[in-house]
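Subject: Model handover

Hi,

Here is the model I promised. My notes follow below it.

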Amino acid sequence: MIDARIQADRHGAILFDAGALPQAGPEWFSPEYWEEQGSLSHRGGGRASACFIDTPVGECVLRHYHRGGAVGPILGDRYLWTGRDNTRAFAEFRLTAALKGQGLPVPQPLAARYVRGGLYYRADLLTRRIPGALTLAQRLGDGALDTDLAVQVGLLLARFHRLGVWHADLNAHNVMVAPEQLYLIDFDRGRIRAPARSWQDENLQRLQRSLIKLGAQKDGREAFEDRIWTPLNEAYLKALTA
(Lines give C-alpha, C1' and ligand atoms only; values in the text may rest on other atoms or scores of the structure.)
Protein backbone atom coordinates (compact mmCIF):
# COMPACT_ATOMS: atom_id res chain seq x y z
CA MET A 1 0.00 0.00 0.00
CA ILE A 2 1.13 3.54 -0.76
CA ASP A 3 1.18 5.98 2.14
CA ALA A 4 0.08 9.00 0.10
CA ARG A 5 0.55 12.40 1.72
CA ILE A 6 0.35 16.00 0.54
CA GLN A 7 2.53 18.94 1.49
CA ALA A 8 1.38 22.28 0.18
CA ASP A 9 2.45 25.91 0.11
CA ARG A 10 1.11 29.02 -1.57
CA HIS A 11 2.74 28.07 -4.88
CA GLY A 12 1.43 24.53 -5.23
CA ALA A 13 1.60 21.09 -3.67
CA ILE A 14 3.49 17.80 -3.67
CA LEU A 15 1.78 14.41 -3.39
CA PHE A 16 4.22 11.71 -2.32
CA ASP A 17 4.51 8.17 -1.00
CA ALA A 18 5.82 8.70 2.53
CA GLY A 19 6.67 5.01 2.81
CA ALA A 20 9.14 5.20 -0.09
CA LEU A 21 10.09 8.88 -0.01
CA PRO A 22 10.07 10.33 3.53
CA GLN A 23 10.55 13.89 2.26
CA ALA A 24 10.03 15.44 -1.18
CA GLY A 25 11.06 19.06 -1.53
CA PRO A 26 10.86 21.16 -4.70
CA GLU A 27 14.46 20.28 -5.53
CA TRP A 28 13.44 16.71 -6.26
CA PHE A 29 11.65 18.00 -9.37
CA SER A 30 14.56 20.10 -10.67
CA PRO A 31 16.84 18.54 -13.33
CA GLU A 32 19.32 21.33 -12.60
CA TYR A 33 19.52 20.26 -8.95
CA TRP A 34 20.31 16.66 -9.88
CA GLU A 35 22.78 17.81 -12.50
CA GLU A 36 24.62 19.82 -9.84
CA GLN A 37 24.75 16.69 -7.68
CA GLY A 38 26.23 14.69 -10.57
CA SER A 39 23.13 12.48 -10.45
CA LEU A 40 21.56 13.24 -13.84
CA SER A 41 22.29 10.46 -16.34
CA HIS A 42 19.87 11.44 -19.12
CA ARG A 43 17.86 14.50 -19.96
CA GLY A 44 15.20 14.38 -22.66
CA GLY A 45 13.81 17.29 -24.60
CA GLY A 46 10.52 18.38 -26.08
CA ARG A 47 7.25 16.85 -25.01
CA ALA A 48 8.91 13.64 -23.75
CA SER A 49 11.14 15.49 -21.31
CA ALA A 50 12.01 12.59 -19.02
CA CYS A 51 15.18 12.66 -16.93
CA PHE A 52 16.93 9.68 -15.39
CA ILE A 53 18.27 10.56 -11.96
CA ASP A 54 20.16 8.72 -9.24
CA THR A 55 18.48 9.67 -5.95
CA PRO A 56 18.92 8.63 -2.30
CA VAL A 57 16.01 6.19 -2.81
CA GLY A 58 17.42 4.69 -6.02
CA GLU A 59 17.25 5.34 -9.76
CA CYS A 60 14.17 7.32 -10.78
CA VAL A 61 12.51 8.90 -13.78
CA LEU A 62 11.49 12.55 -13.52
CA ARG A 63 8.97 13.66 -16.13
CA HIS A 64 7.81 17.21 -16.77
CA TYR A 65 4.38 17.51 -18.39
CA HIS A 66 4.18 19.20 -21.80
CA ARG A 67 1.17 19.90 -24.00
CA GLY A 68 0.83 18.06 -27.29
CA GLY A 69 -1.31 18.59 -30.34
CA ALA A 70 -2.31 21.93 -31.78
CA VAL A 71 -2.16 23.78 -28.44
CA GLY A 72 1.35 22.53 -27.66
CA PRO A 73 3.20 25.41 -29.37
CA ILE A 74 0.87 27.91 -27.68
CA LEU A 75 0.62 26.66 -24.09
CA GLY A 76 3.82 24.63 -23.86
CA ASP A 77 3.86 23.14 -20.36
CA ARG A 78 0.91 25.10 -18.96
CA TYR A 79 -2.45 23.52 -18.06
CA LEU A 80 -5.68 25.23 -17.06
CA TRP A 81 -6.25 25.10 -13.31
CA THR A 82 -9.51 23.31 -12.36
CA GLY A 83 -8.58 22.03 -8.92
CA ARG A 84 -5.86 20.04 -7.18
CA ASP A 85 -7.31 16.60 -7.85
CA ASN A 86 -7.69 17.39 -11.55
CA THR A 87 -4.02 18.15 -12.13
CA ARG A 88 -2.38 15.76 -14.58
CA ALA A 89 0.35 14.80 -12.13
CA PHE A 90 -1.91 14.00 -9.17
CA ALA A 91 -4.34 12.04 -11.37
CA GLU A 92 -1.56 9.96 -12.91
CA PHE A 93 0.09 9.34 -9.54
CA ARG A 94 -3.16 8.04 -8.07
CA LEU A 95 -4.09 5.90 -11.07
CA THR A 96 -0.63 4.35 -11.25
CA ALA A 97 -0.68 3.68 -7.51
CA ALA A 98 -4.08 2.00 -7.83
CA LEU A 99 -2.88 -0.19 -10.70
CA LYS A 100 0.23 -1.19 -8.79
CA GLY A 101 -1.98 -2.04 -5.81
CA GLN A 102 -3.83 -4.49 -8.06
CA GLY A 103 -0.59 -6.22 -8.96
CA LEU A 104 -0.28 -4.82 -12.47
CA PRO A 105 3.23 -4.23 -13.87
CA VAL A 106 3.57 -0.44 -13.74
CA PRO A 107 6.31 1.86 -12.42
CA GLN A 108 6.22 2.69 -8.72
CA PRO A 109 4.97 6.28 -8.33
CA LEU A 110 6.99 8.23 -5.78
CA ALA A 111 5.88 11.86 -6.00
CA ALA A 112 3.85 14.31 -8.06
CA ARG A 113 3.93 18.10 -8.01
CA TYR A 114 2.09 21.04 -9.44
CA VAL A 115 3.03 24.73 -9.31
CA ARG A 116 0.31 27.31 -9.89
CA GLY A 117 0.65 30.54 -11.79
CA GLY A 118 -2.53 32.54 -12.33
CA LEU A 119 -5.07 30.51 -14.28
CA TYR A 120 -2.54 27.81 -15.13
CA TYR A 121 -0.28 25.26 -13.51
CA ARG A 122 2.80 23.24 -14.41
CA ALA A 123 3.41 19.69 -13.23
CA ASP A 124 5.95 16.91 -12.74
CA LEU A 125 5.91 13.22 -11.84
CA LEU A 126 8.62 11.13 -10.20
CA THR A 127 8.58 7.33 -10.57
CA ARG A 128 11.03 4.57 -9.81
CA ARG A 129 13.03 3.49 -12.85
CA ILE A 130 12.45 -0.09 -14.05
CA PRO A 131 15.85 -1.85 -13.85
CA GLY A 132 17.26 -3.07 -17.15
CA ALA A 133 14.20 -2.10 -19.17
CA LEU A 134 14.11 -0.99 -22.80
CA THR A 135 11.08 0.29 -24.67
CA LEU A 136 9.36 -1.92 -27.22
CA ALA A 137 10.42 0.70 -29.78
CA GLN A 138 14.06 0.15 -28.83
CA ARG A 139 13.66 -3.62 -29.06
CA LEU A 140 12.14 -3.15 -32.50
CA GLY A 141 15.05 -0.96 -33.52
CA ASP A 142 17.48 -3.63 -32.30
CA GLY A 143 15.70 -6.28 -34.36
CA ALA A 144 14.56 -8.06 -31.20
CA LEU A 145 10.80 -7.83 -31.72
CA ASP A 146 9.99 -11.42 -32.64
CA THR A 147 6.95 -13.66 -32.33
CA ASP A 148 7.69 -14.63 -28.72
CA LEU A 149 7.93 -11.00 -27.61
CA ALA A 150 4.79 -10.13 -29.59
CA VAL A 151 2.89 -12.83 -27.69
CA GLN A 152 4.13 -11.41 -24.38
CA VAL A 153 2.88 -7.96 -25.41
CA GLY A 154 -0.55 -9.38 -26.22
CA LEU A 155 -0.75 -11.08 -22.83
CA LEU A 156 0.32 -7.86 -21.10
CA LEU A 157 -2.37 -5.76 -22.76
CA ALA A 158 -5.04 -8.33 -21.94
CA ARG A 159 -4.17 -8.09 -18.23
CA PHE A 160 -4.87 -4.36 -18.25
CA HIS A 161 -7.93 -4.48 -20.49
CA ARG A 162 -9.61 -7.19 -18.41
CA LEU A 163 -9.58 -4.72 -15.52
CA GLY A 164 -10.87 -1.86 -17.66
CA VAL A 165 -7.58 0.07 -17.84
CA TRP A 166 -7.66 2.49 -20.75
CA HIS A 167 -4.27 3.83 -21.81
CA ALA A 168 -4.57 7.20 -23.53
CA ASP A 169 -1.37 6.82 -25.57
CA LEU A 170 -0.66 3.13 -26.10
CA ASN A 171 2.40 3.06 -28.34
CA ALA A 172 5.70 1.21 -28.63
CA HIS A 173 7.46 3.77 -26.44
CA ASN A 174 5.16 3.07 -23.48
CA VAL A 175 5.64 -0.70 -23.40
CA MET A 176 8.77 -1.55 -21.40
CA VAL A 177 10.63 -4.83 -21.84
CA ALA A 178 12.54 -5.75 -18.67
CA PRO A 179 14.51 -8.96 -18.06
CA GLU A 180 11.82 -10.48 -15.83
CA GLN A 181 8.58 -9.12 -17.36
CA LEU A 182 6.91 -6.43 -19.43
CA TYR A 183 5.47 -3.17 -18.08
CA LEU A 184 3.16 -0.37 -19.20
CA ILE A 185 4.20 3.19 -18.41
CA ASP A 186 2.86 6.75 -18.83
CA PHE A 187 -0.74 6.76 -17.64
CA ASP A 188 -1.27 10.48 -18.21
CA ARG A 189 -4.99 10.95 -19.01
CA GLY A 190 -5.59 7.22 -18.52
CA ARG A 191 -8.59 5.95 -16.60
CA ILE A 192 -10.62 2.93 -15.59
CA ARG A 193 -13.56 2.19 -17.90
CA ALA A 194 -16.16 -0.51 -18.23
CA PRO A 195 -14.56 -3.20 -20.43
CA ALA A 196 -15.77 -2.86 -24.02
CA ARG A 197 -14.36 -4.10 -27.30
CA SER A 198 -14.76 -0.66 -28.90
CA TRP A 199 -12.12 1.13 -26.83
CA GLN A 200 -10.03 -2.01 -26.40
CA ASP A 201 -9.77 -2.40 -30.18
CA GLU A 202 -8.92 1.29 -30.51
CA ASN A 203 -6.08 0.80 -28.02
CA LEU A 204 -4.71 -2.11 -30.02
CA GLN A 205 -4.99 -0.22 -33.30
CA ARG A 206 -3.05 2.67 -31.79
CA LEU A 207 -0.22 0.31 -30.88
CA GLN A 208 -0.35 -1.26 -34.34
CA ARG A 209 -0.01 2.16 -35.99
CA SER A 210 2.93 2.96 -33.73
CA LEU A 211 4.75 -0.24 -34.67
CA ILE A 212 4.14 0.33 -38.37
CA LYS A 213 5.34 3.93 -38.11
CA LEU A 214 8.53 2.71 -36.45
CA GLY A 215 9.19 0.28 -39.28
CA ALA A 216 7.85 -3.01 -37.97
CA GLN A 217 6.62 -3.90 -41.46
CA LYS A 218 9.80 -3.04 -43.32
CA ASP A 219 9.93 -6.65 -44.58
CA GLY A 220 6.38 -6.32 -45.92
CA ARG A 221 2.88 -6.16 -44.49
CA GLU A 222 2.31 -9.91 -44.81
CA ALA A 223 5.47 -10.73 -42.88
CA PHE A 224 4.53 -8.23 -40.18
CA GLU A 225 1.06 -9.76 -39.83
CA ASP A 226 2.35 -13.35 -39.73
CA ARG A 227 5.33 -12.79 -37.44
CA ILE A 228 4.18 -9.99 -35.14
CA TRP A 229 0.61 -8.77 -35.25
CA THR A 230 -1.38 -11.99 -35.64
CA PRO A 231 0.45 -13.77 -32.76
CA LEU A 232 0.07 -10.66 -30.60
CA ASN A 233 -3.64 -10.33 -31.31
CA GLU A 234 -4.36 -14.05 -30.89
CA ALA A 235 -2.56 -14.16 -27.52
CA TYR A 236 -4.43 -11.02 -26.46
CA LEU A 237 -7.87 -12.38 -27.40
CA LYS A 238 -7.25 -15.73 -25.76
CA ALA A 239 -6.13 -14.11 -22.51
CA LEU A 240 -8.88 -11.47 -22.61
CA THR A 241 -11.62 -14.11 -22.68
CA ALA A 242 -9.94 -16.69 -20.43
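The largest pocket is lined by 35 residues, with A50, R63, N174, I185 and D186 nearest its centre. A pocket here is an open set of points on a 1 Å grid over the protein atoms alone, where a 1.4 Å probe fits, with protein on both sides within 12 Å along at least five of seven lines; lining residues have an atom within 4 Å of a point. Elements giving two or more residues to this lining are β4 (49–55), β5 (58–64), α3 (88–101), β8 (120–128) and β9 (134–135). Helices (H or I, at least four residues) and strands (E, at least two) are DSSP runs, numbered from the N terminus.

This is a predicted model: local features need pLDDT of at least 70, side-chain atom pairs count only at pLDDT 80 or more, and totals for chains, interfaces and linings use all residues. Residues are numbered from 1 along each chain as its sequence is written, and side-chain values use heavy atoms, without hydrogens or water.

T96 sits in helix α3. T96 counts as buried because its relative accessibility is 4%; buried means under 20% relative accessible area (1.4 Å probe, protein chains only). Leaving out residues up to four places away in sequence, T96 touches V106, P107, P109 and F187, where contact means heavy atoms within 4.5 Å.

Now α5. Its buried residues are L149, A150, V153, G154, L156, L157, A158, F160 and H161. At the start of α5, a side-chain oxygen of D146 comes within 3.4 Å of the backbone nitrogen of D148. After α5 comes G164, with a positive phi near 80°.

Best wishes

Terms used
Buried means under 20% relative accessible area, exposed over 50%, partly exposed in between (1.4 Å probe, protein chains only). A polar contact is a pair of N or O atoms within 3.5 Å; within protein, one must be able to donate a hydrogen and the other to accept it, and residues adjacent in sequence count only if both atoms are side-chain atoms.
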